[in-house]
Amino acid sequence: MPRPIQATIHTAALRHNLARARQAAPDAQVWAVVKANAYGHGIERAFEGLRGADGFALLDLAEAERVRALGWRGPILLLEGVFEARDLELCSRLHLWHTVHCDEQIDMLALHKTHEPHRVFLKMNSGMNRLGFAPQRFRSAWTRLNALPQVDEISLMTHFSDADSDKGITEQMGRFEEATCDLPGERSLSNSAATLRHAQDMAVKADWIRPGIAVYGSSPDFPEHSAADWDLQPAMSLNARIIAVQHLQAGDSVGYGSSFVAEGPTRIGVVACGYADGYPRLCPTGTPVLVDGLRGRTLGRVSMDMLTVDLTGLPDAGVSSHVTLWGRAANGTVLSIDEVAQAAGTVGYELMCALAQRVPVGVED
């Protein structure tokens, strides 16, 4: 039989989370962000749950081709725009909208021969300091784009660096508003954190929101708010089974480095999941798991193919018991991916995207 581990993508959860984003910003259109292969969920697997979006936002042309191949005829936005001039040819053929964040991309457009002008999203660097034109240069970039026959409508966008924290978005929003106050065009401002925390603020209202991590059931500002606080459902579950049971006595250790030493009689389960499956090696003793839907904890160091869990307080658990590493257990109990990520010193985004290719993935509604 196959190794007893499987990830499951929950279509109904994707649909629910997308609706939750709409509820937070009811007057805005919604980009479903599916970059990084839909945050590790798989574009093809996630599509059915996200096809209620108004558009799909992603990173590269290959992802755009996959979305078009699924039958999507609506807007697709390249969040980082094109990387070389010939990319514009595919933008024309696939009817892609694309971000413009630097002078070089305007140069490419100026030389591009097309029968249909392009819809572009001009990006401002309002404080994130990754991509975009500085506020003092934004208007001149808009003027240059607006003069090109290769360009149709120009939308305006920025990205918030601290929407998930107390610093908030006020400073960046002020820069954006000052630089764009009398420019025409739709606005796209809010990521997941800004959508859930600030979308009701009149100053942040825009034509498009860009929820990413929230669509997949992870909280954008954990631990201040959990996914449950935001009424988000896990879109991915990772489940495995116990393949062996060991009985330890006081002084016995578990796994490489003997990082866990039993203080007394301890019963442990060996689970068919390790860091080669995408489970974080840095998860320490005490990282939460669900064993047959009941809360438990890991013990010792995570290995390539296995990890161990404490069964001392779970007398009914044994070989073949189900272990939920994150997501939803068979009895409906949820272990948030954010809790596991926190134990590893990272974020839920990374765990989703790191799911290994060797893990079988199923889809359920």
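These legends accompany close-up views of a predicted model.

**View 1. The largest pocket and its lining.** Welcome to the largest pocket, which holds about 710 Å³ of space. It is lined by 33 residues, and K35, Y39, H159, N191 and Y349 are the closest to its centre. Helices α2 (35–39), α9 (192–198), α10 (337–343) and α11 (348–353) each give two or more residues to this lining, with α10 giving the most, 3 residues. By class, the lining of the largest pocket has 16 nonpolar, 9 polar and 8 charged residues.

**View 2. The second largest pocket.** Here the volume is about 350 Å³. Among the 18 lining residues, Q6, T8, N239, H322 and A330 lie nearest the centre of the second largest pocket. Strands β1 (5–10), β10 (236–248) and β17 (322–328) each contribute two or more residues to the lining, which divides into 5 nonpolar, 9 polar and 4 charged residues.

**View 3. Two stacked aromatic pairs.** The structure has 10 aromatic pairs. One of them joins F47 and F56, stacked at 5.6 Å centre to centre with 25° between the planes; both F47 and F56 are buried. Y279 and W326 are also stacked, at 6.3 Å centre to centre with 10° between the planes. Y279 comes from the loop between β13 (266–271) and β14 (288–291) and W326 from strand β17, so this pair ties together parts 47 residues apart in sequence. Y279 is buried, with a relative accessible area of 0%, and W326 is buried with a value of 0%.

View 4. Look for W31, W97, F121 and W208, linked into a cluster by ring pairs. The charged end of R119 sits over the ring of W97, 4.0 Å from the ring centre.

Note on methods: Residues are numbered from 1 along each chain as its sequence is written. This is a predicted model: local features need pLDDT of at least 70, side-chain atom pairs count only at pLDDT 80 or more; totals for chains, interfaces and linings use all residues. Side-chain values use heavy atoms; hydrogens and water are left out. On a 1 Å grid over the protein atoms alone, a cavity is a set of points where a 1.4 Å probe fits but cannot get out, and a pocket is an open set with protein on both sides within 12 Å along at least five of seven lines; lining residues have an atom within 4 Å of a point. Grid points are joined across faces, edges and corners, and a volume is the space filled by probe spheres set on the points. Helices (H or I, at least four residues) and strands (E, at least two) are DSSP runs, numbered from the N terminus. Ala, Val, Leu, Ile, Met, Phe, Trp, Tyr, Cys and Pro count as nonpolar, Asp, Glu, Lys and Arg as charged, and the others, Gly among them, as polar. Rings of Phe, Tyr and Trp (its six-membered ring) pair if their centres lie within 6.5 Å; planes under 30 degrees apart count as stacked, over 60 as edge-to-face and the rest as tilted. Buried means under 20% relative accessible area, exposed over 50%, partly exposed in between (1.4 Å probe, protein chains only). A charge sits over a ring if NZ of Lys or CZ of Arg is within 6 Å of the ring centre and within 35 degrees of the ring normal.
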